[in-house]
Amino acid sequence: MRYFGPLDGHDVLKLVETLQYMRHIPGPKLLHVITTKGKGYAPAEQEKTLWHFPGLFDKVTGKIQKAIIDGPQPPKYQDVFGHSVVELAERNDKIVGITPAMLSGSSLKFMMEKMPERTFDVGICEQHAVTLAAGLATQGMTVFCNIYSSFMQRGYDQLVHDVVLQQLPVIFCLDRGGLVGEDGATHHGIYDISYSRCLPGLIISAPMNESELRNLMYTAQLSGLTQPFMIRYPRGQGVMPNWRTPFRKIKIGTGRKIREGRDLAILSFGHPGNFALEACEELEADGVNVALFDMRFVKPIDKHLLHHVFQHYRQLITVEDGTIIGGLGSAVLEFMAINNYHADVRILGVPDRIVEHGKVTELHKECGFDKDGIKAVVKEMLQQERIIQKLVKHESL
């Protein structure tokens with residue numbers, strides 16, 4: 001192998017000249033290039049992590065523009081994870097944290113600051129992160145493996161062979177689960193539910209809010225767990241300014257009723273349950289009474305709850321921040337078919353196409369599972385039901 005370099009990666013003319021020369025050399029070649037992150041802009045050169053994704057800033061002063069906050073705000077889900085894993089690690093000395101080059105983005109940096117000997121950043125090596133987690137689990141450690149949902153795709157083979165086949169109790173915390181906004185198609189974490197649900201023995205959960213995230217993390221690290229446990233949560237803020245609630249054990253595979261309703265039932269998975277709750281409250285003002293159930297687990301799914309729903313409602317809507325193929329909606333339809341129930345079911349989520357970049361709220365609206373999208377589907381379904389009932393009544397006469 002022919003080696004060239006190291007070259008100054010900012011010397012474009014020299015790079016072009018070298019590449020043109022190397023093009024005519026037969027066989028394998030390696031070009032070693034060195035660059036400086038943020039080259040040419042002093043603030044970015046000095047604070048590489050801060051300036052990785054700074055948002056709007058003044059190019060002259062380097063001052064980053066931050067929104068003016070009036071009153072307490074809900075935290076980012078990643079920060080809830082970061083602080084909560086430290087709380088749990090202080091109680092449980094078997095806990096270790098692993099992330100592939102996402103210390104800051106996932107907020108595992110808090111654990112690294114307090115417990116560097118129990119926190120591992122393995123670099124951009126998702127496959128290694130998963131296998132390392134599996135190895136530590138075989139030695140009795142309680143491993144929180146924190147990876148962006150979209151990057152977990154890179155470690156899928158290791159998830160299957162190193163974790164699932166051995167039924168090792170690794171805890172996977174998938175950050176950025178769902179549409180992520182301006183990062184675009186490469187970073188949308190919309191496939192993890194579908195590609196994970198087919199794996200035997202893998203627990204798959206999603207919290208509706210910050211308190212539920214803490215409780216799922218607490219439940220996953222309790223002794224006695226013998227299965228891998230996946231917790232997915234979205235990018236961005238939650239809904240609870242006062243989020244440091246006491247830890248509480250959740251029975252694995254159980255959902256919960258959020259509100260009663262007579263006209264129709266909504267089954268939600270994860271944060272979109274908050275969109276559904278807003279829709280239900282606004283529909284109530286229009287005289288429409290909708291029930292809402294937070295499934296919490298898509299595997300194992302709450303069969304007792306689903307039996308109740310199908311026995312009491314003719315119309316159902318599922319809501320999730322993931323692909324409509326293979327997700328919660330698919331799981332509900334599978335249950336309906338296996339148990340010979342008959343109902344009108346609509347699946348709201350990410351459609352079967354590539355979703356480009358945009359503000360998260362815009363993408364939720366585009367995909368039809370924001371508050372207004374949910375309301376529109378509820379009204380459409382109830383209108384169709386009224387038409388059907390009129391036709392049935394007319395035919396009976």
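## Helix H13 and its surroundings

Within helix H13, the buried residues are Leu-328, Gly-329, Ser-330, Ala-331, Val-332, Phe-335 and Met-336. In this predicted model, helix H13 covers residues 328–338, and its buried residues pack against a set of elements made up of helix H9 (192–197), strand S10 (264–269), strand S12, helix H12 (303–312), strand S13 (315–323) and strand S14 (344–350). After H13 comes Asn-340, which has a positive phi near 60°.

## The second largest pocket

Helix H13 also takes part in the second largest pocket, where it gives the most to the lining, with four residues. Strand S12 (297–299) is another element that supplies at least two residues of this lining, as H13 does. The space in this pocket comes to about 170 Å³.

The lining consists of Arg-197, Val-298, Lys-299, Pro-300, Ile-301, Lys-303, Ala-331, Glu-334, Phe-335, Ile-338 and Asn-339. Two of these residues, Lys-299 and Pro-300, are joined by a cis peptide bond with omega near -10°, and Pro-300 itself sits in the loop between S12 and H12. Ala-331 and Phe-335, which are listed in the lining, are also among the buried residues of H13.

## The chain as a whole

The chain contains 15 helices and 14 strands, and its C-alpha trace spans about 90 × 55 × 45 Å along the principal axes. Of the 397 residues in the chain, 50% are buried. Among contacts with a separation of 6 or more, 76% are made by residues 24 or more positions apart.

## Nonpolar cores

The largest nonpolar core has 51 residues, and Phe-172 and Leu-267 are the ones with the most contacts inside it. Leaving aside residues up to four places away in sequence, Leu-267 touches Phe-293, Met-295, Leu-305, Leu-306, Val-309, Leu-316, Ile-317, Thr-318, Val-319, Leu-328 and Val-332. Of these partners of Leu-267, Leu-328 and Val-332 belong to the buried residues of H13.

Together with helix H1 (residues 12–22), strands S1 and S2 form a right-handed β-α-β unit. Strand S1 also holds Pro-6, and the peptide bond that leads from Gly-5 to Pro-6 is cis, with omega near 0°.

## Two buried helix residues

Phe-81 lies in helix H3 (residues 77–91), and because its relative accessibility is 0%, Phe-81 counts as buried. Not counting residues up to four places away in sequence, Phe-81 touches Ser-106, Leu-108, Phe-144, Asn-146, Cys-173, Leu-213, Met-217 and Tyr-233. One of these contacts, with Leu-213, joins positions that are 132 residues apart in sequence, while the C-alpha atoms of Phe-81 and Leu-213 are 7.4 Å apart in space.

Glu-126 lies in helix H6 (residues 126–138), and its relative accessible area of 2% falls under the 20% cut-off, so Glu-126 is buried. When residues up to four places away in sequence are left out, Glu-126 touches Pro-100, Met-102, Ile-147, Phe-151, Arg-154 and Gly-155.

## Buried arginines with positive phi

Arg-176 has a phi near 60°, which is a positive value in a residue other than glycine. Arg-176 is placed in the loop between strand S6 (171–175) and H9, and because its relative accessibility is 12%, Arg-176 counts as buried.

Arg-296 likewise has a positive phi, near 65°, in a residue other than glycine. Arg-296 is found in the loop between strand S11 (290–294) and S12, and with a relative accessible area of 7%, Arg-296 is buried.

Note on methods:
Residues are numbered from 1 along each chain as its sequence is written. This is a predicted model: local features need pLDDT of at least 70, side-chain atom pairs count only at pLDDT 80 or more; totals for chains, interfaces and linings use all residues. Side-chain values use heavy atoms; hydrogens and water are left out. A nonpolar core is a set of buried Ala, Val, Leu, Ile, Met, Phe, Trp, Tyr and Cys residues joined through side-chain atoms within 4.5 Å. Buried means under 20% relative accessible area, exposed over 50%, partly exposed in between (1.4 Å probe, protein chains only). Contact means heavy atoms within 4.5 Å. A crossover is right-handed if, with the strands pointing away from the viewer, the path from the first strand over the helix to the second runs clockwise. On a 1 Å grid over the protein atoms alone, a cavity is a set of points where a 1.4 Å probe fits but cannot get out, and a pocket is an open set with protein on both sides within 12 Å along at least five of seven lines; lining residues have an atom within 4 Å of a point. Grid points are joined across faces, edges and corners, and a volume is the space filled by probe spheres set on the points.
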